[in-house]
Amino acid sequence: MEEQANLEVIMKLIMFGGDAKSNAMEAIRFAKQGEFNQADQSLAAADASLLEAHHAQTGLLTQEAQGNPVPVSLLMVHGQDHLMTSIAFCDLAKEIVELYKVQK
């Protein structure tokens with residue numbers, strides 16, 4: 001049962017991380033076209049996805065802190081890597097959108 005619960009959490013990391021990165025990329029495309037309201041909405045959607053992923057990640061951290069070790073699998077590593085890459089990408093996308101705003 002615990003393995004299944006951990007798998008669901010890992011899949012949330014991958015899914016919400018992917019959604020966040022896609023929304024951030026969309027924000028850059030909108031900003032490039034001068035559509036800043038849409039860019040801001042896409043960045044907000046990216047932040048919402050990152051928040052969901054963070055909640056899932058916090059569940060794993062809480063489990064570990066309570067003395068219930070979380071098995072580290074290749075899928076877990078992939079999920080964490082996917083999330084961290086998405087966070088970095090979203091941070092960069094915010095800066096790029098701001099640069100487009102200044103440029104236009």
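Visitor: Which residues is Ala56 in contact with, leaving aside its neighbours within four places in sequence?

Guide: Ala56 is in contact with Val9, Lys12 and Leu13. Contact means heavy atoms within 4.5 Å. This is a predicted model: local features need pLDDT of at least 70, side-chain atom pairs count only at pLDDT 80 or more, and totals for chains, interfaces and linings use all residues. Residues are numbered from 1 along each chain as its sequence is written, and side-chain values use heavy atoms, with hydrogens and water left out.

Visitor: Why is Ala56 called buried?

Guide: Its relative accessible area is 9%. Buried means under 20%, exposed over 50%, partly exposed in between (1.4 Å probe, protein chains only). The value for Ala56 is 9%, so Ala56 is buried. Ala56 is found in helix α2. Helices (H or I, at least four residues) and strands (E, at least two) are DSSP runs, numbered from the N terminus.

Visitor: What makes Ser86 buried?

Guide: Ser86 has a relative accessible area of 1%. That is under 20%, so Ser86 counts as buried. Ser86 lies in helix α3. Not counting residues up to four places away in sequence, Ser86 touches Gly17, Gly18, Lys21 and Leu50.

Visitor: What makes a set of residues a nonpolar core?

Guide: Its members are buried Ala, Val, Leu, Ile, Met, Phe, Trp, Tyr and Cys residues, joined through side-chain atoms within 4.5 Å. The largest one here has 25 residues. Ala31, Leu60, Cys90 and Val97 have the most contacts inside it. The elements giving two or more residues to this core are α1 (2–32), α2 (36–65) and α3 (74–103). α1 gives the most, with 10 residues.
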